[in-house]
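Please walk me through this structure in the viewer, telling me what to select at each stop and what is found there.

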Amino acid sequence: MLSIPVYLALASLLVVAASRAVLPVPRRSAAVLVLLPLLFTGGAMLRDTAYAPADIGWNVEPLAGAREEYGVERTAPGIFTDITSQIAPWRHAVHRAWRAGEWPLVNPGLLCGDLLAGTAQAAPFYPLVLLTVWLPFPVFLTLQTAFAFLVAALGAWLFFADHELGELPSLLGAAGWAFSSFVAFWIHWPMGVAVGWLPLVLLGGRRVVRAPGTRSALLLAVALACPLLAGHPETGVHLVLFGALWAAIEWLVARPAKPGATVAAGLAGGTLALALSAVALLPILEALPQTFEHAWRQSAAAWARRSVPWPDALHHLAASAVPFAFGVPGEVEPPVPGPWRMPGTSYVGSVLLPLALLGLSRRGEPRRWAFAAFAVAGLAAGVQAPGISEAIAKVPLFDVSLNERLFFVGGFGLVALAALG
């Protein structure tokens with residue numbers, strides 16, 4: 001029974017720290033936020049096992065032939081193969097290195113030694129990895145997932161509470177974001193961990209505009225540095241863009257009295273974030289140009305896949321907004337074949353969609369248009385709409401990014417509208 005007491009203690013400390021440094025969190029909301037991740041990870045914590053698709057080996061030989069003998073009926077689907085063959089082994093190499101008192105520079109378990117610090121998804125310097133690396137590996141894996149859910153929920157609660165939406169709407173938004181299709185599916189991958197930081201990045205931009213100063217700059221720096229350290233710098237680039245867009249919206253709405261102070265705080269926060277994450281980014285930047293993936297993403301073939309025809313994009317939009325209308329995602333073919341293949345979309349659950357429509361219909365509420373713009377932009381990028389996808393790809397660094405992953409921005413826009421509703 002190691003997992004639950006350790007999680008409750010560390011999660012409570014994180015919520016208390018956020019309450020003192022960012023915005024007071026009432027005890028009732030704090031308790032709900034700490035307990036929310038247990039809806040997914042609680043069973044594994046009670047057993048002190050790994051919350052991960054560790055049973056996927058039963059899907060292939062030699063274990064597949066022994067399924068009946070051992071009574072194995074249902075296992076994780078093959079789409080989670082990445083977790084058992086890449087993500088978990090990388091994390092194990094990081095876990096082993098830190099516990100042995102070594103810098104996590106080389107992975108001895110791959111070939112004759114392979115990059116570890118330069119392998120972005122290993123995330124060897126992510127603060128929540130360092131906080132829990134002393135635990136047994138299965139417990140470590142489970143707590144990493146629980147903390148990813150907690151960061152997403154806590155960040156969303158702080159963002160909505162800062163907009164003075166009230167305690168209950170903020171909790172609704174927190175649960176909606178943490179358990180949205182994109183976050184919940186990708187939570188085992190570093191991309192899902194990084195995506196969870198989106199609300200705090202937006203809040204950092206909001207604070208820098210409305211209350212420029214040291215505290216706001218530090219909030220922005222932490223909100224930007226942590227997803228960069230989380231193991232998915234591509235998502236970090238996406239977060240920086242939409243954080244800047246949200247700051248621009250806040251600027252237009254609030255008209256800061258001291259624009260110079262706002263710019264200075266924003267630059268200070270961004271510079272500090274780069275300094276804090278340099279230990280992880282520099283090895284990645286050195287290794288990246290040597291990879292096949294980097295060369296392929298710059299190729300003409302990759303550019304040809306930036307968008308799909310409008311009829312296909314509209315079919316993809318329907319499958320993203322109401323995926324269960326076509327069957328269980330992952331068990332049925334998408335309505336239109338082709339490059340659209342994202343398991344996690346902008347879907348946030350049928351319970352929140354009517355509330356999102358209510359939020360959109362609130363007259364005299366200027367924020368609804370900003371949230372709606374995020375929903376539309378994320379959906380358009382996710383379904384690879386013609387023109388829009390190419391325009392995004394012309395932004396520096398976005399030319400080598402898989403921008404259909406911006407589905408998560410659309411999901412957050414829908415959750416924000418639901419909280420407003």
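Start with V253, which sits in helix α12. The model is a predicted one. V253 has 54% relative accessibility and therefore counts as exposed, the cut-off being over 50%.

The largest share, 3 residues, is from α12.

Now turn to the aromatic rings, where the count of pairs is 25. Select W58 and Y70: their ring centres are 5.7 Å apart and the planes make 55 degrees, so this pair is tilted. Both W58 and Y70 lie in the loop between α3 (38-47) and α4 (81-99), so the pair ties together parts 12 residues apart in sequence. Y70 is exposed, at 58% relative accessibility.

Move to F160 and F412. Their ring centres are 5.7 Å apart with planes at 10 degrees, so the pair is stacked. F160 belongs to helix α6 (residues 137-162) and F412 to helix α20, and the pair links parts of the chain 252 residues apart.

Last, show helix α17 (residues 352-360) and pick its buried residues, L352, A356 and G359. Viewed down the axis of α17, they fall within an arc of 60 degrees, so they line one face of the helix. Their cover includes α7 (167-178), α18 (367-382) and α20 (407-420).

Conventions. Residues are numbered from 1 along each chain as its sequence is written. This is a predicted model: local features need pLDDT of at least 70, side-chain atom pairs count only at pLDDT 80 or more; totals for chains, interfaces and linings use all residues. Side-chain values use heavy atoms; hydrogens and water are left out. Buried means under 20% relative accessible area, exposed over 50%, partly exposed in between (1.4 Å probe, protein chains only). Helices (H or I, at least four residues) and strands (E, at least two) are DSSP runs, numbered from the N terminus. The arc is that of the directions from the helix axis to the C-beta atoms. Contact means heavy atoms within 4.5 Å. Rings of Phe, Tyr and Trp (its six-membered ring) pair if their centres lie within 6.5 Å; planes under 30 degrees apart count as stacked, over 60 as edge-to-face and the rest as tilted.
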